[in-house]
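Have a look at the sequence and structure first.

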Amino acid sequence: MTGEPTIGDVFGEMIRDAYAVATGTGPRPLVGGRLPRPVIEIIERDDGLVNGAPAAHYLDPPQAWQPYDHRAVDRVRGRVLDIGVGGGRIALHLQERGVPVTGLDTSLGALRVSRHRGVRDLVHGTIDEHVPDGRRYDTFLLLGNNLGLIEGRDRAPGFLAALAALARPGAQVIAHGTDPYGTTDPVHTGYHELNRRRGRLGGQLRLRLRYRQLGTEWFDYLVCSVDELAELLHGSPWRLVDVDDADRPYYLATLELAPA
Ligand SMILES: C[S@@+](CC[C@H](N)C(=O)[O-])C[C@H]1O[C@@H](n2cnc3c(N)ncnc32)[C@H](O)[C@@H]1O
């Protein structure tokens with residue numbers, strides 16, 4: 001026993017249990033063998049910071065969403081790829097509105113929950129792995145802060161190129177991001193400084209997720225300002241056409257495919 005977690009489908013196990021607690025479907029983690037235990041997403045950052053947040057919101061119905069989620073789905077047009085579909089809350093809503101939507105996720109457990117909740121069209125993998133499938137989209141959604149999947153300067157060109165390869169002419173990306181730089185908390189400002197010293201973007205988080213005995217490998221997840229996003233888009237097939245920051249520090253960035 002090393003005390004280190006076993007590498008596994010952390011998000012999948014966590015959302016399965018959150019779904020079980022929310023619906024009473026399937027075995028649930030129990031407190032004292034009796035009461036359903038609230039399911040908490042544990043996020044470790046590489047400076048030792050540990051945060052926990054209830055996972056139940058990944059299953060929220062539209063009535064419980066944040067206002068920017070509603071504004072994001074109102075912008076959708078054509079065939080949609082929901083990247084990091086999670087528990088399917090966005091895809092389900094779009095499907096109910098008659099929008100053709102595909103949910104993509106690297107977590108088999110998340111896909112299982114999405115399927116169980118009724119999302120019909122699901123794909124396992126990353127956007128790069130999805131390109132050879134030959135399917136093409138008009139709108140890409142990166143919601144639930146999933147602009148973070150752009151990771152940082154190294155991954156951004158490949159990520160943006162894969163999105164362009166999946167795009168129909170005139171396609172758009174609607175991405176939810178968070179500007180990390182409004183804080184005065186030294187735990188965060190110190191981390192931003194540390195990142196810059198090591199040549200990373202300030203909010204380029206190095207994280208791993210934990211759930212019960214499972215953990216992920218360490219991965220990068222980008223929390224960036226709109227200016228930093230604009231810089232990452234420079235020279236890519238995408239241009240920033242709109243920023244909705246009515247719910248600062250959260251924002252919705254809309255990107256459009258530059259004409260060929
Ligand atoms: C923060 S959750 C957001 C879930 C959902 N979009 C929502 O708003 O409720 C992140 C999701 O992205 C998935 N994910 C992580 N890395 C991914 C990748 N490289 N490609 C596709 N999905 C990924 C995770 O498994 C998880 O379901």
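## Ground rules and annotation

Which residues does the UniProt annotation "domain: Methyltransferase" cover? The unreviewed entry puts it on residues 80-170; UniProt positions are given in the numbering used here, feature names are shortened, and annotations may be inferred rather than shown by experiment. The end C-alpha atoms of that span lie 13 Å apart, and the span is 35% helix and 24% strand. Helices (H or I, at least four residues) and strands (E, at least two) are DSSP runs, numbered from the N terminus.

This is a predicted model, with local features needing pLDDT of at least 70 and side-chain atom pairs counting only at pLDDT 80 or more, while totals for chains, interfaces and linings use all residues. Residues are numbered from 1 along each chain as its sequence is written, and side-chain values use heavy atoms, with hydrogens and water left out.

## Around the ligand

There are 14 residues around the ligand, and F11, G84, G86, R89 and D105 come nearest (near: a heavy atom within 4 Å). By type, that shell has five nonpolar, seven polar and two charged residues. Here Ala, Val, Leu, Ile, Met, Phe, Trp, Tyr, Cys and Pro count as nonpolar, Asp, Glu, Lys and Arg as charged, and the others, Gly among them, as polar.

Now for the N and O pairs within 3.5 Å. A ligand nitrogen sits 2.7 Å from a polar backbone atom of G84. The protein covers 84% of the 600 Å² of accessible area that the ligand has on its own (Shrake-Rupley, 1.4 Å probe).

## Pocket and cavity

The second largest pocket holds about 160 Å³ of space. A pocket is an open set of points on a 1 Å grid over the protein atoms alone, with protein on both sides within 12 Å along at least five of seven lines; a cavity is a set where a 1.4 Å probe fits but cannot get out, and lining residues have an atom within 4 Å of a point. Volume is the space filled by probe spheres set on the points, which are joined across faces, edges and corners. Helix 1 (10-23) and helix 4 (108-117) each supply at least two residues of this pocket's lining, which includes R16, D17, Y19, R112 and H116. The lining divides into four nonpolar, four polar and three charged residues.

The whole structure has one cavity of 30 Å³ or more. Helix 6 (residues 156-165) gives the largest share, three residues.

Most residues other than glycine have a negative phi, and most peptide bonds are trans. N145 has a positive phi of about 70 degrees although it is not a glycine; N145 is in the loop between strand 9 (137-142) and helix 6. The peptide bond from R248 to P249 is cis, with omega near 10 degrees, and P249 is in the loop between strand 14 (238-244) and strand 15 (250-257).

Key
A polar contact is a pair of N or O atoms within 3.5 Å; within protein, one must be able to donate a hydrogen and the other to accept it, and residues adjacent in sequence count only if both atoms are side-chain atoms.
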